[in-house]
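User: Can you walk me through this one? I have a few quick questions.

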Amino acid sequence: MICPDASLEDAKKAGPYDVVFLPGGGVGAQNLCESAAVKEILTEQHERKGLIAAICAGPTALLAHGIGYGSKVTTHPLMKDKMMVGGHYTYSESRVVKDGNIITSRGPGTSFECALAIVETLMGKEVSDKVKAPLVLDF
């Protein structure tokens, strides 16, 4: 079990952040979609052109809170139809999609690629390559 060491309200006060990351999971993503605090954090991050990353069902929180309309995104395959409601995004079957300051990824099997895309965006390709090298990844 993962237990946070701060509430979302407390964490919100500590920003701004280099990246806001939205994890997946059906119930967890639904909670993100319904959270006013998450909306506030995402809106602030998006308005300041900060990096937002989401994986699996997590990108549905972008839709729920009106973030990144017009962007190219991906999600877990079971979330594709939900994500496309309203036609606010262009959908991609790619494992990881970076469009501007938004990174989305398909699911658990793409988590390393997603993490490395975040590292590359924040720290550059050279750092990302150094992080990737000892991980024995095939991509």
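User: Which helix gives the most to the nonpolar patch?

Analyst: Helix 6 does, with 3 residues. Keep in mind that this is a predicted model.

User: Which residues make the patch?

Analyst: Phe112, Leu122, Met123, Val127, Val131, Leu135 and Phe139. Together they make a nonpolar surface patch of about 600 Å².

User: Which helices each supply at least two residues?

Analyst: Helix 6 and helix 7, the latter spanning 125-132.

User: And Phe112, where is it found? Buried, exposed or partly exposed?

Analyst: Phe112 is found in helix 6. Its relative accessible area is 47%, so Phe112 is partly exposed.

User: Switching to charges. How many salt bridges are there?

Analyst: A search of the whole structure gives 8.

User: What about Arg106, which residue does it form a salt bridge with?

Analyst: With Glu93. The closest N and O atoms are 3.1 Å apart.

User: Which is buried and which is exposed?

Analyst: Arg106 is buried, with a relative accessible area of 15%. Glu93 counts as exposed, at 51%.

User: Which residue does Arg95 form a salt bridge with?

Analyst: Glu113, with the closest N and O atoms 2.6 Å apart. This pair links distant parts of the chain, 18 residues apart. Arg95 is in the loop between strand 4 and strand 5, and Glu113 is in helix 6.

User: How accessible are those two?

Analyst: Arg95 is partly exposed, with a relative accessible area of 43%. Glu113 counts as buried, at 17% relative accessibility.

User: Is Thr74 buried or exposed?

Analyst: Buried, at 0% relative accessibility.

User: What is Thr74 in contact with?

Analyst: Leaving aside neighbours within four places in sequence, Thr74 is in contact with Pro59, Tyr91, Ser92, Glu93, Ser94, Arg95, Val97, Thr104, Ser105 and Arg106. That list includes both partners of the Arg106 and Glu93 salt bridge.

User: Where does His76 lie?

Analyst: His76 lies in the loop between strand 3 (72-73) and helix 5 (80-83). His76 counts as partly exposed, at 25% relative accessibility.

User: What does His76 touch?

Analyst: Cys56, Ala57, Tyr91 and Arg106, not counting residues up to four places away in sequence.

User: How far is His76 from Gly25?

Analyst: They are 51 residues apart in sequence. In space the gap is 9.5 Å, C-alpha to C-alpha.

User: Zoom out. How many helices and strands?

Analyst: The protein has 7 helices and 6 strands. Along the sequence the pattern is α-β-α-α-β-α-β-α-β-β-β-α-α.

User: Why call it as compact as a globular protein of that length?

Analyst: Because the radius of gyration is 15 Å, close to the 14 Å that the globule rule gives for 139 residues. The C-alpha trace spans about 40 × 35 × 35 Å along its principal axes.

User: What share of the residues is buried?

Analyst: Buried residues make up 36% of the 139.

User: And contacts between residues 24 or more positions apart?

Analyst: They account for 53% of the contacts with a separation of 6 or more.

Definitions and conventions: Residues numbered from 1 in each chain as written. Predicted model: local features only at pLDDT ≥ 70, side-chain atom pairs only at ≥ 80, totals over all residues. Heavy atoms only, no water. Salt bridge = Lys/Arg side-chain N within 4 Å of Asp/Glu carboxyl O. Buried < 20%, exposed > 50% of the residue type's maximum accessible area, 1.4 Å probe, protein only. Helix = DSSP H or I, 4+ residues; strand = E, 2+ residues; numbered from the N terminus. Patch = residues over 30% accessible without salt bridge, like charges linked within 9 Å, V, L, I, M, F, W, Y side chains within 5 Å. Areas by Shrake-Rupley, 256 points an atom, 1.4 Å probe, with all protein chains shown as cover. Contact = heavy atoms within 4.5 Å. Rg over C-alpha atoms; globule rule 2.2 N^0.38 Å.
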